[in-house]
Amino acid sequence: MASSAIKGSYGIIQIATNAIGELISGKITIGNKTIDVSNYDEDWDEFIKGKGNWSITGRANFVVSGTAQAAIETNILDPTSTYLAVRFLINAAGDDYYSGNAHPTQWDVDGSNTTQLVVDFTLQGTGAIAREA
Amino acid sequence: MATSAVSPRLLALYISDPDAVSTDFTDQTLVDSGDHLTYQIAWANRGWDINETPTIYVDATPVSSGFTINYATGAVTFTESQEGSTITATGKRYATTQLIGLTTSKLSVSNKVIDVSAMEDSWEESIKGKGDWSVSTDMWWYCDTDVPSQDLLDRIGDRELWVQFYPYNAAASKVRFVGRAILETQDVDGSQNDAMKQMITIKGDGPLEKETYSA
C-alpha cells in the first residue's frame, strides 16, 4: 500500500503568509493541560481537560533580508508590540495548515567556526490554534 | 535557488573600551528618517558616549529641549516636526574594539509572556512582558600583552559597555545589533590537550537596536 506520509520539508512556517526562508527544521507542539480530579472513590487517577496551549519552534539559516525572519526579529526587539499571525503548513499546496496568533519569545542568532549562522526561534501561541484545510 | 546563508567569517563582535578616550565628532549632519522627527548620524559616528552630552543644533542654533537622544544609534527624535531644518550634532562616540579568536558566538533575545487566561477561555492567552538579551561567546584566551581585545576583557570589570553584534559584517553591507550591557561572566578554562579558552557572557542592560548599512 502506498504510504500517505508527507515530506518533512512541507512543514513550512509562515508569518502572516510569508514563509520563513531557508528553514532547516520546524515543529509545532499542541498541548492540553489536564486537571486532576482523582478522588477516594476511584482506584485510578482521573482527569478532565484544562486549557489548551501551543507553540512553534524552528531553526533556519540566518539571512540578511527575509520578510518573515525580519517580522519575528522586529517583533521581539519591541516588547510593546502585539502578537504575530502564524501558520504551520502540512502539505505541498499550502492549503492545509495550522493557524493562530503567537508572541515570539526567543530569537537566537548563533554562529561557530565550522557552521553557517543559524537562527533558532520560539513562537508562543496565545489563544486558539485551528486546522484549516 | 541559491542560498543566502551567511558565512561565520562575517560574524563580528565589538565592545567599547571604558578606559579609552572617546572620539570627537563635530558639526555632523543628522539625516532625516523621513518623518521630520527622527534624525540620525552617519554610520561611522554612532555609539555616542553616554557620559558626554552632545550638543544638538537646529539650523546652526543649539537646542537643549524638545527631543530625546538614542545614544546607541546616534539618533535624535524631536517632539515637533523639523521639516526644512538642518540638524547637526557635536559630541563624542565610544572607541570600540573587535573581540578576536571567537569560536562560537550567540545573540539571544527573549520576550517574557504574562498569562492572562481566564476561566471562560479554552486556550491559554498571554500578553507580552519584558524583553531581555545577552551575547554568549566562546573564544581562545590570549596573553593580553599581545592582544588588545584580551587586555580589554581583562580590564572591564563590572563597568557598562556598548556591544555591537554583527551577524553580517561585509565591506559594502552590514547588519548589527547594538545596546548597552555588562560583562556578566568570564570563565577561563584549560585542559591537557587543548588551547586555553574563555567563555564570556555579556548581559544586556536596556533595549537592543538593529541597524543596517549599505555602501
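## The contact between chain A and chain B

In this predicted model, strand S6 (97-112) of chain A and strand S11 (residues 102-115) of chain B pair in the antiparallel sense over 7 bridges, where pairing asks that DSSP find at least two bridges between two strands, and where strands (E, at least two residues) and helices (H or I, at least four) are DSSP runs numbered from the N terminus. Within this pairing, Ser112(A) has Thr104(B) of S11(B) as its bridge partner.

The contact, meaning heavy atoms within 4.5 Å, is summarised below.

| Item | Value |
|---|---|
| Residues from chain A | 39 residues |
| Residues from chain B | 39 residues |
| Area buried between chain A and chain B | about 3200 Å² |

Buried area is the accessible area (1.4 Å probe) that two parts lose on being put together, summed over both, and carbon and sulfur atoms give 55% of the value for chain A and chain B.

Across the interface there are 3 salt bridges, each a side-chain nitrogen of Lys or Arg within 4 Å of a carboxyl oxygen of Asp or Glu; in the one formed by Lys210(B) with Glu73(A), the closest N and O atoms are 2.4 Å apart. On the side of chain A that touches chain B, the elements giving two or more residues include helix H1 (67-76) and strand S7 (115-132), while the largest share, 10 residues, comes from S6(A).

Residues are numbered from 1 along each chain as its sequence is written, and chains are lettered from A and ligands numbered from 1 in the order in which they are written. Local features need pLDDT of at least 70, side-chain atom pairs count only at pLDDT 80 or more, totals for chains, interfaces and linings use all residues, and side-chain values use heavy atoms, with hydrogens and water left out.
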